[in-house]
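Thanks for coming. Please have a look at the structure on the screen, and then I will go through it part by part.

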Amino acid sequence: MLSSLGDERAGALKRRPERPKRVQAARARPARLHSSAFSMHALKLLFALTAAMGLSSCGGGGGDAPAPARTPAQASAPTPPVGANGTLQTSVATATYADARRLGAFNELNAARLGAGAGLLAQSTPLDTSALDHATYLSLNGFGSADSPHDEVATAAGFSGADPFVRMQDAGYSYSYATEVIGDIGSTSATSDCVGDLLDTVYHAAAMLSRVTDVGFGFGTGSAAGMCTIDMAAPLAGSDRQIPPSGAIVAYPYDGSTVAHGTFRVSNETPRVSTALLPGATAGTPVLVGFRNQDVVAGGQVAISEFSLAAADGTPLPAVILGGQGISGAGVNLDTQLDDDFAALVAISPLAAGTYTVTLHAAVSGGRALSLTSWSFTVGAK
């Protein structure tokens, strides 16, 4: 069963076209990934809990995948051409949110993406509509009215669409790639750091640092005041954007950044990282790397030879490496829940306050050497 409102939870749902060369592998994914009738689109459910300290829990489910989403009417775009300097969005129009909370979330997410090298997101009125409509629905009906917090029941108050993709399209957004995350479910505090909590995960952080170009925000009200719904997508004609240049990567936490705390609540994210890899309920803040740059889009294959984390005194920390289907290398544990071109490094134990250094040695076949091989971030003292 889904947890009661006593939990703080996060959910991520996405649909995207797979790259042609990997469609065969994508069909072999487990039941959590449902391919629609159109082979270039897939539905994937990720449902996670965040920051559940001090709140009661009722059951731990919520990870079951819903029925396959409706196939979008449009055809998927072909493999995009990429300019020599990449196609990241380096500037966007100033957001026009009248409320400080949505404006703050917009700025926080864009600051993280800019530092990570993922490209900025533009405010989208249709995505604002779909996100706010669903936040309103959840506020009215709670989080257990449907099989997934991302879904809606037509007979319930505030119904606006059966799933995120229907809601986005009905609001006027035609996408080539789309994802939705829901954070801090159960929080009644209108000052909750929903974006920050979602970034302190594996699967949801990867979704928020993905190839999307546009974003919309919605926040709950009343007993759901702490909850946020974030809808993100790339337009049908925009699949050639948000591609880092040859030799570049997306990395978070990024060089010189400070994260609020060093604890990742592993058991609170569904799908959970394998207990064989991370048996404890908590671990260190995940380090996410996205390799989908110009060279990878052109067909390059990623191989990691080292991905490690060290304390300020140089002491290496025990950690596990998770890799999507496009990542290989000694010590890389295949994780089909991750985007194909993302890898995550997770320390076995929570990180104490201090500075940490990440070392990454990886290669993309046929591409330039990676320009970022070592960087540092700080865990703040609380």
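Gln242 lies in the loop between strands E7 and E8. Helices (H or I, at least four residues) and strands (E, at least two) are DSSP runs, numbered from the N terminus. Gln242 is not a glycine, yet it has a positive phi of about 60°. Most residues other than glycine have a negative phi, and most peptide bonds are trans.

Pro253 is in the loop between strand E8 (250-252) and E9.

Now, some ground rules. This is a predicted model, in which local features need pLDDT of at least 70 and side-chain atom pairs count only at pLDDT 80 or more, while totals for chains, interfaces and linings use all residues. Residues are numbered from 1 along each chain as its sequence is written, and side-chain values use heavy atoms, with hydrogens and water left out.

How confident is the predictor? pLDDT is its confidence in each residue, from 0 to 100. The protein has a mean pLDDT of 81, and 77% of its residues reach 70 or more. Over residues 1-10, pLDDT stays under 50, and the model has 63 contacts for them beyond four places in sequence; contact means heavy atoms within 4.5 Å. Residues 17-83 also stay under 50, with 207 contacts beyond four places in sequence.

Next, the interior. A nonpolar core is a set of buried Ala, Val, Leu, Ile, Met, Phe, Trp, Tyr and Cys residues joined through side-chain atoms within 4.5 Å. The largest one here has 72 residues, and those with the most contacts inside it are Ile230, Phe291, Phe307 and Leu360. Strand E18 (residues 342-347) gives the most to this core, namely six residues. A second, separate core has nine residues, including Leu138, Phe143, Ile185 and Met227.

Setting aside neighbours within four places in sequence, its contacts include Val287, Ile321, Leu345 and Leu360.

Another residue to look at is Tyr137, in helix H3 (residues 125-141). Tyr137 counts as buried, because its relative accessibility is 0%. Beyond four places in sequence, its contacts include Gly142, Asp151 and Phe159. Tyr137 and Asp151 are 14 residues apart in sequence, and their C-alpha atoms are 9.8 Å apart in space.

On to the strands. Strands of a sheet pair through backbone hydrogen bonds, either parallel or antiparallel. Here two strands pair if DSSP finds at least two bridges between them.

Which residues of strand E6 (residues 214-219) are buried? Six of the six are, so the strand is largely enclosed by the rest of the structure. In a regular strand the side chains alternate between the two faces of the sheet. On one side of E6 are Asp214, Gly216 and Gly218, on the other Val215, Phe217 and Phe219, and all are buried. E6 pairs with strand E4 (residues 122-123) in the parallel sense over two bridges, with Ala122 opposite Asp214. E6 and strand E7 (residues 228-235) run antiparallel and are joined by six bridges. The partner of Gly216 in E7 is Asp231.

Elsewhere, five strands form an open sheet with mixed pairing, in the order E9-E20-E19-E14-E16. E9 (258-259) and E16 (327-328) stand at the edges with a single partner strand each, so one side of each has no neighbour in the sheet. Within it, E19 (residues 354-364) and E20 (residues 374-379) pair in the antiparallel sense over six bridges. Thr355 has Thr378 in E20 as its bridge partner.

Notes: Buried means under 20% relative accessible area, exposed over 50%, partly exposed in between (1.4 Å probe, protein chains only). pLDDT is the predictor's confidence in each residue, from 0 to 100.
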